Amino acid sequence: MSLTQFTLGARLRAADTGEPVAISVYAPAIPPLGGIAVTVDSDGDHIYLNATDGNVTRAGTDRDGLDALAALGATLTSPRRPLIVGAARDLAVLTALARAYPDTLASPVVGWWDERSDYPGTDAVHIATDAARRRWVLGVHPDLELDTATWAQWLGIASTGPHLLLDLARRTASGHTLPGLLGASVIDTASWERYNARLKAGRPWWAKDSRSDAALGLIGRSHAAEWFDSIRLDDPLVAVAASHDGTVIPGTVRARKEGVAVIEADRPLSRLRVDSKIIGWLGEPIHAGRVEALSGTVTTARIDTHSRLTITIEGIPKRATACKPGERVTLRPQRVDPHMQASARRLAATGYHRDSNWIAGRGKPVARRGDVPLDVIVAAAED
């Protein structure tokens with residue numbers, strides 16, 4: 001079964017039962033405490049905003065709409081507030097409006113929201129339909145899941161307008177938050193403080209990034225995506241889905257000796273390349289989140305004439321005594337370490353200050369050839 005077929009099965013089940021089918025055990029978004037929910041409409045000439053913080057509702061057109069956001073606390077002098085919108089296109093329209101009226105109190109806050117929306121896991125921006133689609137599958141065409149009215153119908157939400165967005169965000173973020181996700185809030189707060197400091201230093205909020213800032217921003221966005229995908233694999237239902245595209249590998253231990261384990265995978269499907277760092281737990285994908293039973297590096301991955309995939313793991317610590325022959329085990333890529341990512345960004349930032357660094361506008365780039373991993377080529381082809 002492929003991941004597409006697995007997802008289709010969940011959609012057919014939802015259609016048959018008339019109930020959303022959960023595809024994650026944990027809430028995939030941080031609760032938007034103090035959030036400002038905004039609906040964005042346009043007739044081609046004007047943009048109409050309707051916003052609420054749950055207690056007060058304000059509306060406005062064009063500049064007045066931005067002033068309405070400021071009245072709800074979307075200013076640089078107020079504590080940072082999460083933004084809740086229905087879809088990514090709403091934020092794009094809101095950002096265009098802020099750029100058209102850059103001198104309003106809310107405009108620089110909108111600019112920060114737009115910047116943080118590129119960082120998966122952020123609590124600065126909650127795109128309601130995207131977050132809901134990470135938690136449930138509905139028994140409708142996937143395109144209909146981009147409409148908040150569809151979610152209101154399936155989840156039994158009676159409110160409308162920005163109150164609907166607020167209720168949908170609260171419902172999506174209810175329950176236990178995905179382990180590790182709250183760390184994104186700390187990063188968002190640091191970003192907010194840096195953003196304020198930059199504006200106080202006299203830099204316009206709408207100014208384009210320098211080459212080095214843009215490069216560091218690209219690294220940061222890439223790191224955020226890798227980290228978010230990594231922690232999501234600790235969700236049992238996400239791990240079950242990932243077992244159908246080879247990201248998570250369930251199998252049986254066939255051989256075990258000190259520092260080495262040979263795993264026979266259930267299927268000849270794996271995205272774990274040779275030299276990949278992995279971790280594993282005893283049991284099936286649905287047991288994701290259990291204590292690690294092994295960790296190490298993939299040294300070989302072979303498929304025999306009977307289409308059986310065997311993966312050899314070496315470098316297993318001596319203290320790891322689990323995973324005896326015959327036991328069930330599930331492998332996944334090693335968790336991303338956000339501290340290592342932060343160190344890598346600091347190292348890159350230091351490099352951009354060297355005299356010969358062409359990204360910072362000094363020197364010329366040197367052409368180099370290198371091997372590109374197959375999964376990167378496949379991902380590029382899919383895009």
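Valine 38 touches Leu49, Asn50, Ala51, Leu69, Leu83, Ile84, Val85, Pro162 and Leu165, leaving aside residues up to four places away in sequence. Contact here means heavy atoms within 4.5 Å. The model is predicted: local features need pLDDT of at least 70, side-chain atom pairs count only at pLDDT 80 or more, and totals for chains, interfaces and linings use all residues. Residues are numbered from 1 along each chain as its sequence is written, and side-chain values use heavy atoms, with hydrogens and water left out.

Val38 belongs to the largest nonpolar core, which has 29 residues. Val38, Leu49, Leu69 and Trp113 touch the most other members. A nonpolar core is a set of buried Ala, Val, Leu, Ile, Met, Phe, Trp, Tyr and Cys residues joined through side-chain atoms within 4.5 Å. Buried means under 20% relative accessible area, exposed over 50%, partly exposed in between (1.4 Å probe, protein chains only). Among the elements that each supply at least two residues of this core are strand S2 (36–42), strand S3 (47–52), helix H4 (107–116) and helix H8 (183–200). Helices (H or I, at least four residues) and strands (E, at least two) are DSSP runs, numbered from the N terminus.

Next come the rings. There are 3 aromatic pairs. Rings of Phe, Tyr and Trp (its six-membered ring) pair if their centres lie within 6.5 Å; planes under 30 degrees apart count as stacked, over 60 as edge-to-face and the rest as tilted. Tryptophan 112 and tryptophan 192 have ring centres 4.9 Å apart and planes at 70°, so this pair is edge-to-face. The pair links helix H4 to helix H8, with its two residues 80 apart. Tryptophan 112 is buried at 0% relative accessible area; tryptophan 192 is buried too, at 9%. Tryptophan 136 and tryptophan 151 form a tilted pair, because their planes stand at 45° with centres 6.2 Å apart. Both of these tryptophans are buried.

Now the barrel. It is closed, has 6 strands in the order S8-S9-S12-S11-S10-S13, and pairs antiparallel. Neighbouring strands are turned by 45° against each other on average, direction ignored. Axes are lines fitted to C-alpha atoms, for helices over the stretch in contact, and angles run from 0 to 180 degrees between N-to-C directions. Two strands pair if DSSP finds at least two bridges between them. S10 (residues 277–282) and S11 (residues 294–303) share 4 bridges, with glycine 280 partnering leucine 294. S11 and S12 (residues 309–314) share 6 bridges. In their hairpin, with 5 residues between the strands, serine 307 takes a positive phi near 60°.
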